[in-house]
Amino acid sequence: MKRQLPLALVFSFSLLMIIQYFIPHDISLYVNEFLLKWIYIIGIFAMALGIWSLVRVSMAKIKTKKEDWQYSIVTLVSLFLMILFGFDFFRHFFSAEGLKNQMFVHFFDYILIPIQASMFSLLAFFIASAAYRAFRAHSIVATLLLVSALIVMLRFNPYLGPVGAYMEKTASWLLNVPNLAAKRAIVIGIGLGSVATALKVMLGIERSYLGKD
Amino acid sequence: MESMTMETYLWTTLGAFLSLCIFSFLYKDNPFYKFAEHLVAGLAAGYFVIILWHNGLKPNLFDYVGDGNFYLLWLDSSHPWYMVPAFLGALMWTRFSRKWSWVSRWPMAIYIGIGVGLSIPLGMRNAVNMQLFSTMRPMAWDNFLGNGYLDPTSGFSHLLIFVGMLAALFYFFFSKEHKGVFNGVAKFGIGILMIGFGATFGFTVMARISLFIQRIQKLGEWSSISWTDGAFTAIWLIVCGSFIAVGIYEFIKYMRNRGQTKAAA
């Protein structure tokens, strides 16, 4: 029950999904859609584990007064407020009225979006320092990396004059030809690797998802 | 500049303040940054709870079993079999118990089984077959050099994509020793990969830079709105003044520490 049943479930459900993929029939499509809803629903229930984990870790930090425990209060309060407004003060569980709640919308527009956009834009500075280290032309391949990155970065530079048009065309060619060849090789490698791993999971060779006991 | 209500201005100020909090990380990790970081963690988690509830559970579960009786666990609804995934999802919560946590393996196994069953044919189709299909197209000999400077639709470009992809794949193929001709092929493959990585890197840098420009533009807009009204200006001064005050305090602290370190040395 603890180990054999999960292995049997993985094998039978994956076999069912593989078989239904090759049967273009209405019943097969219905099974596909129905089971996709299953994993969606199970996934959402699993998300509750993540939220509970966040609450538990934050509560433990506050209780034991660990370093920076005050910020955990910010996390918990903001989590609670977002849920409170999202359910429109717990008045609308089964209608989408909560999504129109003014505070919910404002929290999203004026807090979540600016912070997330600023965090991503902050990476511009760190990526620049990473570029300095990565772009030292100490070999031919490193020079190729440097030159192609520089061309792509300079392609929209308005100060390049007539050279700019050539730069843009070169960047477009780099992105659409050598970059495409590299990407395709990587995607094929990832595809073959993921199918091999999926087969190992299906056949019970890879079973780390079961845990230890 | 269109007029703005005090409420909208305050919300915009909050957004600008939080953006400045995040940018303060460029100096070093500090309480402003930590506050914004923890705030976004809680808000993002709460946001996804709401979105997944309203856009996930409601249309895929509650809408099907909603005509049933709550006290009968919706088993008398017109679609009672939709309670099966809900029951399996609830079994995931047995992870809270040390004694019963092994039960959560069942829904996990079904989840993984369905995912694996989907990924095998789809992975082969999308990541392998379709990529090979798109690469191995008939050669356009009549348009080998293309029209104009570096034409991506030319026959030469198609040939380079095909040869480059094979060479890049060969670079990761270790069953044959990379010697002689094979070494040349592998080297050509790594060259193609490096050009690809460089182009991707440059593209990512530009995406981040454009995001940064957009944030600075937003801060500029907020700053210019602040001078349209006396009350707005006062709020602007408070926000910017607090950042400047903290900056001066940090600078003095840094200079003092530096003086003490020098004296100790």
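## Pocket and interface of chains A and B

In this predicted model, α2(A) gives the largest share of the lining of the largest pocket, six residues, where helices are DSSP runs of H or I with at least four residues, numbered from the N terminus. Local features need pLDDT of at least 70 and side-chain atom pairs count only at pLDDT 80 or more, whereas totals for chains, interfaces and linings use all residues. Residues are numbered from 1 along each chain as its sequence is written, chains are lettered from A, and side-chain values use heavy atoms, with hydrogens and water left out.

**Largest pocket**

- The largest pocket holds about 440 Å³ of space, a pocket being an open set of points on a 1 Å grid over the protein atoms alone where a 1.4 Å probe fits, with protein on both sides within 12 Å along at least five of seven lines; the volume is the space filled by probe spheres set on the points, which are joined across faces, edges and corners.
- Its lining comprises 18 residues, with Ala48(A), Ile51(A), Ile83(A), Phe87(A) and Val49(B) nearest the centre, and a lining residue has an atom within 4 Å of a point.
- At least two lining residues each come from α2 and α3 of chain A and from α2 (31-65) of chain B.
- By class, the lining has 18 nonpolar, no polar and no charged residues, where Ala, Val, Leu, Ile, Met, Phe, Trp, Tyr, Cys and Pro count as nonpolar, Asp, Glu, Lys and Arg as charged, and the others, Gly among them, as polar.

**Interface**

- Chain A brings 114 residues and chain B 116 residues to the contact, which means heavy atoms within 4.5 Å.
- About 10,800 Å² is buried between chain A and chain B, 82% of it from carbon and sulfur atoms; buried area is the accessible area (1.4 Å probe) that two parts lose on being put together, summed over both.
- One salt bridge is found across the interface, with a side-chain nitrogen of Lys or Arg required within 4 Å of a carboxyl oxygen of Asp or Glu.
- That salt bridge joins Lys34(B) to Asp68(A), whose closest N and O atoms are 3.0 Å apart.
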